[in-house]
Amino acid sequence: MLGLSDCEALGTGWWVQPVNAWSSLAFVLAGVWLLVATAGASGGRRTASWAYAGGLALVGVGSLLYHGPQPGVAVAVHDGSLVVVVALAVGVPLVRALRGCRVLPGATRRRVVTVMALGMTALVALRLGRTGSPLCDQASWVQWHAAWHLLAAATLAGWGLLLFTGKTPADSGRAARVTP
């Protein structure tokens, strides 16, 4: 059975961990929201933002499968989509830095602080949501791992804003270049 370390009691029905399963949809919503927020992007930035947003949505599907019906593909979809999102979250700014372009074109002080605060809070919820943590109540409808899903989805959507919104090309003095 999957989800043994995620605090919520394992059921026997279609939704093995219903709270953790349903909260996974936050990633799908984050991906759709990011697609809308970056609709004006063009070129390489549009392609990268769509891949990132699609990856976020797929994380939600994989997590829903992982905590819900748990088919054989659940781990592959869950883990594979996370790899894609992390690769883009790290790779896009790295490529931009190597090209001498603005790394986070959508960054404002407020956005950066918000994303950092969400990320740190998400990590706390992840720790509290582990089976055996002092606040773990396997029978509760309030699950820290579910809070992790909500906060992680918001953090990754916010990171997408930093990556894929804001002023385009001319950051490095080459107005014709479109950055991913």
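Which residues does Asn 20 touch, not counting residues up to four places away in sequence? They are Asp 6, Glu 8, His 67, Gln 143, His 145, Ala 146 and His 149, where contact means heavy atoms within 4.5 Å. This is a predicted model, so to speak with its own ground rules: local features need pLDDT of at least 70, side-chain atom pairs count only at pLDDT 80 or more, and totals for chains, interfaces and linings use all residues. Residues are numbered from 1 along each chain as its sequence is written, and side-chain values use heavy atoms, with hydrogens and water left out.

**Confidence**
- The protein chain has an average pLDDT (the predictor's confidence in each residue, from 0 to 100) of 90, and 92% of the residues reach at least 70.
- Over residues 169–179, though, pLDDT is below 50, and this stretch has 22 contacts in the model beyond near neighbours in sequence.

**Asn 20**
- Asn 20 sits in helix α1; helices are DSSP runs (H or I, at least four residues), numbered from the N terminus.

- Most residues other than glycine have a negative phi.
- You'll find Gln 70 in the loop between α3 (43–67) and α4 (74–99), buried with a relative accessible area of 16%.

Methods:
Helices (H or I, at least four residues) and strands (E, at least two) are DSSP runs, numbered from the N terminus. Buried means under 20% relative accessible area, exposed over 50%, partly exposed in between (1.4 Å probe, protein chains only).
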